2 protein chains.
Amino acid sequence: MGLHRVVEPAGVLPQAAWRLDARPEIAANEVRIRVERLNLDAASFRQLFDKHGGDGAAVRAEVLEIISTRGKMQNPVTGSGGMLIGTVEEAGRRSPLGLKSGERVATLVSLTLTPLVVTDGLARWDGRSEQVPCDGWAILFARSVAAVLPQDLDPQLSLAVLDVCGAPALTARVVSRYVAERAVDGPPVTVAVIGGAGKSGSLSLAAARQAGAGRTVGVVPVAAERDALTAARLCDAVAMADARDPVALSTAVTSALGVPADVTVVCVDVPGCEHGAVLATADGGTVIFFSMATSFSAAALGAEGLAADVTMLVGNGYVPGHAELALGLLRADPGVRGLFEARLAAD
Amino acid sequence: MGLHRVVEPAGVLPQAAWRLDARPEIAANEVRIRVERLNLDAASFRQLFDKHGGDGAAVRAEVLEIISTRGKMQNPVTGSGGMLIGTVEEAGRRSPLGLKSGERVATLVSLTLTPLVVTDGLARWDGRSEQVPCDGWAILFARSVAAVLPQDLDPQLSLAVLDVCGAPALTARVVSRYVAERAVDGPPVTVAVIGGAGKSGSLSLAAARQAGAGRTVGVVPVAAERDALTAARLCDAVAMADARDPVALSTAVTSALGVPADVTVVCVDVPGCEHGAVLATADGGTVIFFSMATSFSAAALGAEGLAADVTMLVGNGYVPGHAELALGLLRADPGVRGLFEARLAAD
């Protein structure tokens, strides 16, 4: 768990720590990665970008300052981090991760708990994109998750998929349960994905369909995303609504599905989507919150205040088999792949 | 849903609103309550009490200021409210709540979305307890939940139970599912309740046992609570640990149960318990967060960082039948009743 890397405060786990010890010498159960790229969490990058009014040099300076001060990349406002890719430099003899020197990997645990040192001053990054070319090192603990990058896919494409691979895996698990519980003659399982054209959203739509959802809707905020998602044919309906407007969101979902959603998946990184998601969900349904902008108390009090009998899940980024499932969806579904490639091309 | 009572910002639900219109005239589907007592949320009261260094007059002044400014009682820091008891003064002819004038009720939706006016300046409250004697009025919407106070129980006792009745109901639902899924010959379902001696904690322990949990542990922070919970005979084991220390908490739970918990219920209103709860929970298990001090991102990133395959639930205060279930546990279990009565006597 990396407790020995926690400098302060003592006793907490690395994710909760203010500062980590990022020294390059590894313990027998650790792995050192030579880092080539960071992929900042979308909410974190947006906060930094907005704070500095789009001034890339200032964003870069703050990211450098955070990493050197804290020994990890964790945005102090959003609390979120991101992930990285790099090459295994040294694997301790007791590391259970099965990695070998020279393998190119992506870390599937957050940067918020990964000891990190940057050695190039982020000189190749303009501070205007979530993708951060980078030289330095990072440490993986025994209880970490890392995926060897597949040979058949562009590394940036793999990284973009792996970054959000928990969302389709958990969506598939939850939708499968509803499909199994519903009688053969029962109504089809309905799924709404808020932010359906994004990375986690498009994969979640594909996962819901593969898991047996009978009718799916992707909700997007603007016409360009509506058109892109419609062209990708990932869902039965595409609706446009502001997810922060509870009545507009629930009306859009219910109109598109004919009924409220059995499963609502929140994949947009803006605050204030909790109530709309609850309202859009059927009694006995489930809301899965993947956005780091989710407010715990807004969700809890919102459902209570609406007397809504919905199960609300904190989106756990770890589900066994999540990397393989997400990469499989990308390979199998040209619609998903098209959205990802268009997004990477635009970055 | 009370949208017509939202003054600002427009379009949000009452819980998310900055200010509500608390005028006494009711719509045809509303109910006006003559308020006799507010029960502030524990996290909210603690924040106010600590902020003012225990100065009751200052706490009272701030609560009055919040209510008069916002038209509801919602702590701006914790985001939480509480509940109230009072008497039905007028029920609109189209209200679906089934309440009649003169009935004494407790509201089971949060004060954070309940239009409220205080008319006595909280003159009878010393600002040093969560229980606030109060004169004024409150408005219930069509989609609200209120319980008529039972005749056989002291109203303050009922209020204390109803305040947390979502916790035992959701705990019972989740534990029942594990009991049903586990084969007849399978190992017993294990349950840990963090903060087991408190209101929601003791009810959750009783609910878990009633739902068929095979072995339960209540975790408490201090010796006095350990002794009280042991005497109440609500659980198979009582453990003492600081819930903010992940290693200490998970060690305490695993030692007491012999294995990690299948279901971990977090009922303590202090920040920083997310990682310990995740660590204390078995693979395939479920953590239910009832504390309003829960950090969404700490839970999500913590589970991911620990590669922990646990389901994490946002504790929804509304589960159908929750009031009856909680009051039934209090009536049936002398241990629960004893803890509640001791707590009320100490207040």
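**Exercise 1.** Determine in which helix B:Ser176 is found, and whether B:Ser176 counts as buried, partly exposed or exposed.

*Solution.* B:Ser176 is found in helix H4 of chain B, residues 166–181, where helices (H or I, at least four residues) and strands (E, at least two) are DSSP runs numbered from the N terminus. This is a predicted model, in which local features need pLDDT of at least 70 and side-chain atom pairs count only at pLDDT 80 or more, while totals for chains, interfaces and linings use all residues. Residues are numbered from 1 along each chain as its sequence is written, chains are lettered from A and ligands numbered from 1 in the order in which they are written, and side-chain values use heavy atoms, with hydrogens and water left out.

Next, B:Ser176 counts as partly exposed because its relative accessibility is 33%, given that buried means under 20% relative accessible area, exposed over 50%, and partly exposed in between (1.4 Å probe, protein chains only).

**Exercise 2.** Identify the strands that pair with S7 of chain A, and the residues that stand opposite A:Trp137.

*Solution.* Two strands pair if DSSP finds at least two bridges between them. Strand S3 (residues 31–40) of chain A runs antiparallel to S7(A), joined by eight bridges, and A:Arg34 stands opposite A:Trp137. Strand S6 (residues 116–118) of chain A is also antiparallel to S7(A), with three bridges, and here A:Val117 stands opposite A:Trp137. Finally, S7(A) itself, residues 131–140, is mostly covered, since eight of its ten residues are buried.
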